[in-house]
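Subject: Handover of a structure and the findings so far

Dear colleague,

Please find below the structure that I am passing on to you. The findings follow it, arranged by topic.

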Amino acid sequence: MATAFTPYSYIQCPCSDITPTDRRSGGSPTTPEPDDDDRAFDPRAPRSSFSLYPLEYLMYCEDCHQIRCPRCVAEEIVTYYCPNCLFECPVCVGPLAVTSVETKPDPNLLAAPDNSAAPLAGPYALTCSYCLWTSTEVGIQFDKPNGIHAQLAKLRNGGTTRLTAKERKERRKDPSYKAQPPPPDSQDLDHEAQFANLKAFYQGQLADPNTADAGLALLGDLGFSSPTSLSRIMSIYTGGSLLHDKKAKTRLGAMREALDPDEGLLVASLDESAAISKLRSEGLDGTASTAQLVGQPPNMVEPPLHGNERFLDTLRPVPHLLRTKRSKRCPVCRHIISKPESKVQTTRFRIRLVAGSYIPSISIRQLALSSGTGSGTSASGPAVPGAPLEPLKPAHFLLTFKNPIFETIKVTLGAPATTPGRFASRVTVLCPEFEVDANTDVWDEALKNNAERDRELRRRRGESVSANSGGISSANQLEVGKIWERGRNWVSIVVEVVPASLALAPGNPPLREDEDVLEIPMFVRVEWEAEMAGDEVGAAPSRSNSEAREKRELAYWCVLGVGRIRQR
Amino acid sequence: MSTSSTSSAPLPHRSVANIRTPSGAGQSGPSTPLRNISSSFSSPSSLRADDEIIIIEFGTRKLQVGFSGDAAPRGTIWFGPDQLRRAGDFRDWQLGYRYDWRSAAAGGSWARDYELWRYDVRSVDLGLVGDKVERALRDAFTKYMLIDSRPRRMVWVLPSSLPIPLLSAALDSVFTRFQPPTVSLLSSPLALAVGAGVRSALVVDLGWSETVVTSIYEYREVAAKRSIRGGRMLVEQTHNLLAKHLPQSAEGDADSQEHVLSFEECSDITSRLVWCKPHPTTGQEEEDAATRSATVRIPLTSWLSPTTLELPFDDLSEPCETAFFDTQYTLTSFDDDELPLHLLVYRSLLQLPLDVRATCMSRIIFTGGCSAVLGLRKRILDELSHLIQQRGWDPVRGKAVEKLLTNPKLQRPPAAARRSHNNPETAPPAQENVGEERDGVWHDHDHSAAPAASYMEPEPDPIEEQLKRGSGSGSGSGSDQRTSVRGELRVIESVGAWSGASLATHLKTMAVATIDREVWLQHGATGASKPSEVDHKVQRQSLGPGGLMRGSAAGGAWTLGVWGSV
């Protein structure tokens, strides 16, 4: 909080205007009364955090001429990749390396686990080089240094082996096992196995033709052996009189319940006194923090834990999540707006239409006027950049709009006179309408013939009082309707704010986080003329042949965070 | 509400489109429907590898997401204040940044930022709920599921008491942002029952905002009882316990509503340390006498200044005691919405018909976040069996009843014998199908009418018969001869609501309520018909193919199932 404040600007993607909740009429009594068009966007509303994006996050569809935010693009996966083919430490999320349990004083071990495996035989463990957690702490060791994932799936914490679902299935088929009916210890039934058993059981129940009504059983010969089509047909013909259930499988009527662990029924054991005494003796240090538990994948290899997952020795190495590279399409016209190289190693993009190269960027600086030292337009006045704003004292901010496209744009700004929220600061945009010149090549500008350049310069001077872009003369007073300063493809204008006082009436709730930041909602409308074909990528000169050109406009809300208001 | 809407429903909560067949299919023999199946649910041959169904389980504090057929969800998204930040706001990573929970908790929203919704929709910003759901899902899809944004069918697992506005907000958001062709709704108690392999169950959901006891009978929710004693209360109690042990701070008064510790910290300590004392009669105190003096050191960082508390370990069972049992009060002193858990379970069982009760009581499933409190499940069960022993299954209590029982002029068997007789643990419940409220008037079981009824033939159970027939014809292994357990208290494990739904979807069962995207976007929740209305329509339509077609041409009626209608 004490750190200096950096002004920022956020843009609201227009896609969030079409919120479906506005449509609902009778569904919710709590939706506010219908909002009129000139309702100002409230950056303080909790919902706004979901629709505001920094300019860098936004894309732009060239064909629809519309901003596209991460919420309104269609994504496709270009490639999957593994950021690190190993595991994460469950304690500190550092990467785990395979090391031999017999620690030999070999420094290469930690660095290159896979190569160092060759000289060393014997059991291996996963070790975190950061917090020194090893999987031996939870009793997990591996026979081989590779294929850790498969090995881990067969191991419980503590080192006991378990059968994977596949092995269970094979075992069930194996007649030698079937001959001797082993009453499976119900405690042995872990999540994955219970799920598999249940699945097998249900499938058996559903596929069993005898469980169906005898009268309909013959339909199975006609290709209706699928339980759902069977039930569907039954429901058509019987009119539902016999079948009172809402689940299709119960409509078969004869599916029984699972009766033993082999079918997925697991009777709970409720005696947790051992766990309690363990908790008693180990205290807080023996338990995993919430963050660590959240990082754990669902434990598939243990019987239901019911609270035992809190102990450190039930933590499991966390497999790294795969990542993806994604290409993005415009959801409306299906054009690709971003496409990365499919090779994992490269960070380049084949197509990337970022909004920053289509819509003007806004940068904010505080303007020091009062001193009159003439030190320049930079904010290096007496007001230290980032210093808190004095309440109830007018402050001035310089908004610089930089035009990235090769056409001259006309910008119209709209801002509510007072900021929404509990603390209403007054905002005045001194010059709400202006033009920003095209983003011509720097060399074009330099190589233009003199007459044109003179004309250009004159035009600029005509609008701004002093086109002497270097300094600020005493004549450079704040004037309503005048541009402060103008450059090749940028224009600066002044916004005057009178920050509200943050004094709270007694009994009001205290300031929320960031409520002292003065945020200005501003509606930006950008108009420009572009060539019809839509390939305005070429550096077209500003000279217009208006027949082949069409008018375009883009309008959106943005939020300017200009500074913190000093609290008393 | 859920009881009435589902119990009488014959068939078709689902849309007519699912059973739609082209005209003429009806008469032309049973071979045509196979060719003309229009529903994607229908035949096993339509199993497409790329057609993966996404299953989402909504909880108050977390969201679990995965593919159908998987044993466990791919990822879990917890709701928290950092989820409410703007994109590109990386202050969490800034050095020295600390979440200012005090100002965020002002105005009684101590825990609110950690929740997706509250059932009291008067104070809920529905648009925000939609936004939260969307962001959480987007995170999950990108981080855990690694899927692109092609439309996929979804199955939602929801608590059956979810208010329609919340459901509607979530549906709105998902239908517009993710374009799933259909969203099917499954109630989580049902999914839990499926995940436990039983058809009937008593699901005790020790959830975050409340504890719900749902009775499921033959895959139908027949009753639900709720109590506000849930995880939120437990964390509050933990906070109070910790605050009590803090050195007296400047603000002093411990009774004030202000929170002195952050929610995050209290929640963390709750999930790590809070445990539940065993039922006093089980008598484990003696052996623990040596360790009685054990203490726990708890470092606290969110207080005014970081400090370390040293608490007796036994004190850490207090929050659980107060939040769930409140044993210092008599059982009659509670409101209906704040019943202690054992009483809640007892009453839920008590209100069930005898037959249903016998089945349900041996299929108790504990679920929800608070079932992870060590010892809580056993405690509830012990208290429950204690209650049953004490009271039997007699809902009438009070002085008058005692007088009646002790009145020597009325010749009655001793009370103990009577209880044991009524107790389904000892008596076969099917024989006792007396129907306690046969004609709206209460009848004691040993009233003069009872013997007559007990001599009556039990109602034939078509399902049991079918099962018997199936096993008799040698359908499977001999395992079918085993009878299912009834009438004794038994707790079983479920693979969880998410996994249960995954199982059900994988087996291509049809969901109660399936909502079509187009229809929803047109009508919203107001388009949902009452379940009863749809039933009649479909019944009528199913009589002839013409009616069937008319129904589907009109878009098909659909319902929100147990979630009711507007």
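Does Cys69(A) count as buried or exposed? At 1% relative accessibility, Cys69(A) counts as buried, where buried means under 20% relative accessible area, exposed means over 50%, and partly exposed covers what is in between (1.4 Å probe, protein chains only).

Before the remaining findings, two notes on conventions are needed. This is a predicted model, in which local features need pLDDT of at least 70 and side-chain atom pairs count only at pLDDT 80 or more, while totals for chains, interfaces and linings use all residues. Residues are numbered from 1 along each chain as its sequence is written, chains are lettered from A and ligands numbered from 1 in the order in which they are written, and side-chain values use heavy atoms, with hydrogens and water left out.

Surroundings of Cys69(A)

Cys69(A) lies in the loop between strand 4 (66-68) and strand 5 (74-81) of chain A. Helices (H or I, at least four residues) and strands (E, at least two) are DSSP runs, numbered from the N terminus. Leaving aside residues up to four places away in sequence, Cys69(A) touches Cys13(A), Cys15(A), Tyr53(A) and Leu58(A); contact means heavy atoms within 4.5 Å. The C-alpha atoms of Cys69(A) and Val354(A) are separated by 10.0 Å, although these residues are 285 residues apart along the chain.

Strands of chain A

Strand 5 of chain A pairs with strand 11 (residues 323-329) of chain A in the antiparallel sense, over seven bridges; two strands pair if DSSP finds at least two bridges between them. Glu75(A) stands opposite Lys328(A) of strand 11, and Lys328(A) in turn stands opposite Ser338(A) in strand 12 of chain A. Strand 11 and strand 12 (residues 336-340) of chain A run antiparallel and are joined by two bridges. These two strands form a hairpin with six residues between them, and Arg334(A) in the turn has a positive phi of about 65 degrees.

A further antiparallel pair consists of strand 7 (residues 96-100) and strand 8 of chain A, joined by five bridges. Here Ser100(A) stands opposite Tyr124(A) of strand 8. In a regular strand the side chains alternate between the two faces of the sheet. Strand 8 of chain A is covered on both faces: Tyr124(A), Leu126(A) and Cys128(A) are buried on one side, and Ala125(A) and Thr127(A) on the other.

Chain A also contains an open sheet of six strands in the order 2-1-22-21-16-18, with antiparallel pairing. Strand 2 (52-54) and strand 18 (433-436) of chain A stand at its edges with a single partner strand each, so one side of each is left without a neighbour in the sheet. Within this sheet, strand 16 (residues 409-414) and strand 21 (residues 517-531) of chain A are joined by six bridges and run antiparallel. Trp528(A) of strand 21 is the bridge partner of Ile409(A).

Nonpolar cores

A nonpolar core is a set of buried Ala, Val, Leu, Ile, Met, Phe, Trp, Tyr and Cys residues joined through side-chain atoms within 4.5 Å. The largest such core has 58 residues, and Ile359(A) and Phe434(A) have the most contacts inside it. Strand 21 of chain A supplies the largest share of this core, seven residues. Among the residues that Ile359(A) touches, not counting those up to four places away in sequence, are Ile11(A), Leu55(A), Pro404(A) and Tyr556(A). A second, separate core of 47 residues includes Leu137(B), Ala169(B), Ala513(B) and Val519(B).

Chain B

The secondary structure of chain B comes to 20 helices and 13 strands. Of the 566 residues in chain B, 57% are buried. Among its contacts between residues at least 6 apart in sequence, 74% join residues at least 24 apart.

Helix 6 (residues 188-196) of chain B is mostly covered, with nine of its nine residues buried. Gly197(B), which follows helix 6, has a positive phi near 80 degrees.

Helix 9 (residues 318-325) and helix 12 (residues 376-391) of chain B make contact through residues including Cys320(B) and Phe324(B) of helix 9 and Leu376(B) and Ile380(B) of helix 12.

Yours sincerely
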